[in-house]
Amino acid sequence: MATATEQWVLVEMVQALYEEKEELIEEWQPEPLVPPVPKDHPALNYNIVSGPPSHKIVVNGKECINFASFNFLGLLDNPRVKAAALASLKKYGVGTCGPRGFYGTFDVHLDLEDRLAKFMKTEEAIIYSYGFATIASAIPAYSKRGDIVFVDRAACFAIQKGLQASRSDIKLFKHNDMADLERLLKEQEIEDQKNPRKARVTRRFIVVEGLYMNTGTICPLPELVKLKYKYKARIFLEESLSFGVLGEHGRGVTEHYGIKIDDIDLISANMENALASIGGFCCGRSFVIDHQRLSGQGYCFSASLPPLLAAAAIEALNIMEENPGIFAVLKEKCRQIHKALQGISGLKVVGESLSPAFHLQLEESTGSREQDVRLLQEIVDQCMNRSIALTQARYLEKEEKCLPPPSIRVVVTVEQTEEELERAASTIKEVAQAVLL
Amino acid sequence: MANPGGGAVCNGKLHNHKKQSNGSQSRNCTKNGIVKEGQQNGKPHFYDKLIVESFEEAPLHVMVFTYMGYGIGTLFGYLRDFLRNWGIEKCNAAVERKEQKDFVPLYQDFENFYTRNLYMRIRDNWNRPICSAPGPLFDVMERVSDDYNWTFRFTGRVIKDVINMGSYNFLGLAAKYDESMRTIKDVLEAYGTGVASTRHEMGTLDKHKELEDLVAKFLNVEAAMVFGMGFATNSMNIPALVGKGCLILSDELNHASLVLGARLSGATIRIFKHNNTQSLEKLLRDAVIYGQPRTRRAWKKILILVEGVYSMEGSIVHLPQIIALKKKYKAYLYVDEAHSIGAVGPTGRGVTEFFGLDPHEVDVLMGTFTKSFGASGGYIAGRKDLVDYLRVHSHSAVYASSMSPPIAEQIIRSLKLIMGLDGTTQGLQRVQRLAKNTRYFRQRLQEMGFIIYGNENASVVPLLLYMPGKVAFEACMDQRHKEDQRTCNGFTVMRSIYPTT
């Protein structure tokens, strides 16, 4: 039993502690919610497009030829696609008002999944309502904490976010370098022999893109499949850029190399490039795809794709199936402009000749990224003045794992005529000469 | 009229099942097994209306039967797995390829136990395809299974005019095409469906600017930014706002998109009990006084993540108390109004209007256009410097495509309708009718003796069934009603079990 004085001291101490705590609360100053952004930040003032982002695009009031939107097959302003979307709008309205599990599944969605599975010659397909969310939800559905993922250094941001959400061990290998990948796989094999029990439950995945967005190069799929069977890892292939572009019928990089589609565990692509719609899909065997219907976050917890966009995608698929000749035409145009842009002093072309989206990087960097970005922006602005709409490839500098160097991205579409391609090439040449010398 | 849960109804009002918190000092109240703490922190508050929420507990025999149901289901699951392993029963599930049989299995056996044995039995309740607009009446495609839900087959028949109580179509704006939607037709024909570029590159259309200005005007804030997907709005913008060294205080029952956004940001996450301001205050005090764990350095910033209306409980956030707390401890508040924008408040402006507060008091107002506006996509609104920062640093603006033009036009049309800018009072009438319908429906269900969770003003009504067996029985009753088209319209509601939201 404490004496009266001791009790009084205790009470004083407690009171003093309480006051101290109140003082701490008063004094604490958090950072502002957002740091101020300078008014002339290059990313703050977007290019405003008035009207449709089609072949002839009106940017900031000026009419230009579009070399910036990923409209590879020119389906953005195709009248058949618009008519199909209109028919769907008349029947279903616009929104679906619910996720797929809660009366958000329309017959159009089931139809689209069916058509995509048939087109890609796989068992099943699943659609997402946003392109970015497709691969970012697919990876964490299969790969969990403790699993190992081998991913290319030039993987796009959506794959990086999917990997971050999965909490797995990530091993980066040099871009398109199969020897480096084999080295990593061998190291993992040695680790496995040390701890066979753990190795029996650790899943391995290799995540690659068909055509890389950041470099315009194609992945060496035949060697990857060999490595897959040798080291028992599963392959996830991201085909956003190569779906509807590569291959005789536009089925992507598997058709381009003639690889059996069952050898790839999961193919994911977004419908925003070749199919001129919004959303994305994954296709593969039912064993793999069905799992995403309960554990794909972007599928279960998000509203389904509006039916008019699904109908537009179905019509775009119809058009792709009816004219398989457009893929050869696109390839020819890519080759043409690739050749025409070689030999510009100061700029080098990064990307393969069959990639419709490639980059123009500075041959010699000035040393500071900001300076490079400013130079390239100068080139882009001047090209815009001469009616060629280009854009720089945009990245979040602080968030990317392996930040690519600044570049201008050039996109080739089927709608561009040969003389427009020649004109673009010569304009870029002149402007580059003027700015860089 | 007494109801089986206990409690009497008199004068049409149900007594002793509701806990009314009206601003007096904290008191714990235990009635019929409910313990609900009063939620005050002793400070004067700005909201004097009664908050009527109820989270009644089930009677004991219901709990016992529920656990028994799950237990029996699990036992049968083990039995069936055993039979399948030994080949006595045919396995209908898809299997791994022959060539890949020696790979590490893609799914662990136990992960799929729930899916294979419990979910498969009642799988036909979900993913039901419809073939008309999700209006108040819609058409459901008939679907049967010949092998106990492993595969489905469409009979080709369409069950017409089913009363829709399952779609989140609060204001009825997702409806079949009519003349008022002519602007959407024009935009579709002019702009097409896709955009094929990101906001930073060539994907910002004039339609997006128009939409953003209108959203800012609707919410009465300085600026707003729209994104193509509601889920992605959360998961891609929370990492842009907070990072390592920051603290996120997130409600227990937050949506998967908020949880994913918080995880991707890399900040430390602490959970407070659902809608419990005392739990939140304790966490805030500890955070400010003691700082980061181990290093004891001060936190860079503290962000509180709450939702306006919680979809699985039907409760409304206690916004006035949380704003008082946020002001005292200098934290930032992020409110996700996916289910409350357009549905709550006298003119449909969301929870800030519902409580009579100034929208500038909430730092980040986020919402989606899927539910009340009948489109898809999300927005973030607030002060101009916040929105400018997001324009530059949001992951979605740099890497993901922008919203499709006809969708943007539908949202513009809906906003104009709700705000009354099209010259009619139809929007206001819809909002008021929704509020009336909600209260009436909840009251009637409670009178009939069902256990309903949540606030009396929330339009999402969770009706607790508890036992998994009842879920399947409901479906059976559904079917019967639907077949009897001549005498009554079938109706359809949504049953939720894990992992839905």
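**Exercise 1.** Which residue is the bridge partner of B:Ser250 in S14(B)?

*Solution.* The model is predicted: local features need pLDDT of at least 70, side-chain atom pairs count only at pLDDT 80 or more, and totals for chains, interfaces and linings use all residues. Residues are numbered from 1 along each chain as its sequence is written, chains are lettered from A and ligands numbered from 1 in the order in which they are written, and side-chain values use heavy atoms, without hydrogens and water.

Strands (E, at least two residues) and helices (H or I, at least four) are DSSP runs, numbered from the N terminus. Strands pair if DSSP finds at least two bridges between them. Strand S12 (residues 247-251) and strand S14 (residues 302-307), both of chain B, pair in the parallel sense over 4 bridges. In S14(B), the partner of B:Ser250 is B:Leu305.

**Exercise 2.** Determine how H2(A) and H3(B) are oriented.

*Solution.* Axes are lines fitted to C-alpha atoms, for helices over the stretch in contact (heavy atoms within 4.5 Å), and angles run from 0 to 180 degrees between N-to-C directions. The axes of helix H2 (residues 79-92) of chain A and helix H3 (residues 182-191) of chain B come within 10 Å and cross at roughly 165°. H2(A) is therefore roughly antiparallel to H3(B), a term for angles over 145 degrees. Residues in the contact include A:Leu86 and A:Leu89 of H2(A), and B:Ile184 and B:Leu188 of H3(B).

**Exercise 3.** State which strands of chain B form the sheet edges.

*Solution.* The open sheet has 7 strands in the order S11-S17-S16-S15-S14-S12-S13 (chain B), with mixed pairing. Its edge strands are S11 (223-227) and S13 (268-272) of chain B, each pairing on one side only.

Conventions. Parallel < 35°, antiparallel > 145°, perpendicular 65-115°, else oblique.
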